[in-house]
Amino acid sequence: MLLARPGAPSAPTRRAALRPAAASRCAAVRNQSTTAAVPQIPPVEDDADDYDGTDHVRFPPLEKLPPRATSLPSPPPQRALESAKLAALHARLSLPEKLPLQTLARALVDSSADENPQFNNTNLAFVGQALINYQVSEWLMCRYPRLPMNVLFAAMKGYAGQQSLHQVARSWGIEHAAAPGGEVDPGLLQFSLHKPGDAIVGFGYTRAEHENVLKRNWRHGIASRVVFDDDFGELVHTDEELAQMSRRADTEYGNKLTRALAERAYANCARAVVGALYAHAGREPARAFVRAHVLSRTLDVARLFGFKNPTRELRMLCAREDFEPPVARLLSETGRASRTPVFVVGIFSGRDKLGEAAGPSLEHARTKAAMNALKAWYLYSPGEHVRVPSDMLAEDARPWEPAYIDIGEIIGR
Amino acid sequence: MEAIATRPVLLPCCRRAVTASSGPSRLVLNTLPSGARQKSSAARTRRALRIPPHPSFFAGPDGGTARPTTDEIIFNPPSSEPSVYHTPFKFLPKTDPRRRANLTSELLASSTTIQYPSSSSSSSSTATAPKSPEDFPALGRVPTQDKPPHHLTKADIEEMRRLRAEDPVTNSVQTLARRFGCSKLFVLMCCQAPPEHRARVQAELEATQARWGPRRRAAREERARRFAMLFNGEL
């Protein structure tokens, strides 16, 4: 089943079922204020229709709320212009004037807070994740053209995964509301821990063997990950998993699942800001924003590698590339008879040294040297500032020189 | 070495000296002709710590021994592992500009050539410095041929399988590899021992492992865990 669905089917009926009667009446006049005509509703005193049980004499509202605001699932868009937090966030991120505060406020409403796709950030986050993942993957492909697919997936996740984007959004100073609602400040990120929401902001299929892969350790090979799984080569969650998540989130407090929900809300918010920037300001500002906030982060790709039989892999590499077979040679050593010896082993192919490492035993040093040689092969880079294909979208771009493409991996995984 | 050897002699001597004398014991100990010399004086410590600077601090443009008088930067980094982000010359693709730039120097010297400074003090060490990788001792077998010979025919492999199935004890993997002139891995790829032989070998292994005490078992488990960490780049 393709999980990425177009548009927003059947939302109005479900909304009517979920919302109380007074709210559904007011939803008829609820408008997204980024549209051209914004009806300015003057704040009036609450009438008896949407009395929510609050004693307004004892707990006076901090600010004048528009009518029926407290009964809405998320703040009405016209309140975005009065939020200091939102204006501060807009200024802090140096967002252009073209991006209105109302859209920025919409980027802060998760689908778990407001299920109406016209008022939450699902659409913006979908555009944002497509842009971020495209930019990160094309940059990785041009920067490290020989990365194996599983390391490429890990690097993608390191740059554009949920946890990384969560950190990015936190570093922007975005705070979250304790609970979503129409009365909270629009400058706060709003998500609910009680229902996971149905936002789908990525591509991928749910697999028929999903359960068996997780529980019985079925084969989960790289080739099928490219086709079926999401952009980071990870299984797409099924509906049952989401239902189980919501059940457990209701019973426990602050468990792994609620943290995952919060992480997802923050990551979707970061994606939605990129999507909003693309929608209002265009391609180049969005690219510059992703370069500044996502690609500028430091990720040591050399630490993402894991090997099983590095000496054999190196021998196969040398055979494939018509190099002389690799030979490990002892470059220097100290304290062989002591408790803490150090051996420095280099791996040579012909007269060239491919890798070198120090270790406490000959076998250890030799394996590490082979791993270093393989990493040196895989981490070949044409340069620090490589050109990527989307650079050609600019008007005055230089003619394109073909990027280096490697013939493929040494060992199929 | 000397101090350790003389200490058993020294201790009874000290005791005797202290008990025999009536004065302060410190003076007596200082006057003793002992073989264990400690760095008890500041002068001796200062002299021992007075190490001349590294030769690279003196190596000026003329290679002289005087300190540089003009402002210049001395780059003398500590020894460290080579970075994996530095691609060896052999791994550069044919189209890479670095390959063309380095080709002339590569023709004259390999990447293992150690470039010593051309000062007079280190000229003697360049003469003895190893120039080629063959001067370093190899670990394990050095492959003699570049290409696998592919000399075994289908009949040879059938014969190998027959021998292994007949008597897996006499015709072990190593014996077959020597007899047919191939690697043990190739023998393992060609034929499989009968199941009863495999069960017997497994039982022998388990009997051996049952004799291991807690220390040996823990040491083996730790070694395996250390190698797993090594493969994941954690060591």
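This is a predicted model: local features need pLDDT of at least 70, side-chain atom pairs count only at pLDDT 80 or more; totals for chains, interfaces and linings use all residues.
## Basis

Local features need pLDDT of at least 70, side-chain atom pairs count only at pLDDT 80 or more, and totals for chains, interfaces and linings use all residues. Residues are numbered from 1 along each chain as its sequence is written, chains are lettered from A and ligands numbered from 1 in the order written, and side-chain values use heavy atoms, without hydrogens and water.

## The sheet

Three strands form an open sheet in the order E1-E2-E3 (chain A), with antiparallel pairing. Strands (E, at least two residues) and helices (H or I, at least four) are DSSP runs, numbered from the N terminus. Pairing requires at least two DSSP bridges between two strands. E1 (327-334) and E3 (352-359) of chain A are the edge strands, each pairing on one side only. Neighbouring strands are turned by 20° on average, direction ignored.

E1(A) and E2(A) are joined by 7 bridges. Thr334(A) stands opposite Val342(A) in E2(A). E2(A), residues 342-349, also pairs with E3(A) over 7 bridges. Here Val344(A) stands opposite Ala358(A). The E2(A)-E3(A) hairpin has 2 residues between its strands, and Gly350(A) takes a positive phi near 70°. In E2(A), 7 of 8 residues are buried (under 20% relative accessible area, 1.4 Å probe, protein chains only).

## The helix across it

H14 (362-378) of chain A has 17 residues and reaches 24 Å from first C-alpha to last, close to the 24 Å expected (1.5 Å times one less than the number of residues). H14(A) lies across E1, E2 and E3 of chain A, at about 135° to E3(A). Angles run from 0 to 180 degrees between N-to-C directions of axes fitted to C-alpha atoms, for helices over the stretch in contact (heavy atoms within 4.5 Å). H14(A) is mostly covered, with 14 of its 17 residues buried.

Note on methods
Buried means under 20% relative accessible area, exposed over 50%, partly exposed in between (1.4 Å probe, protein chains only).
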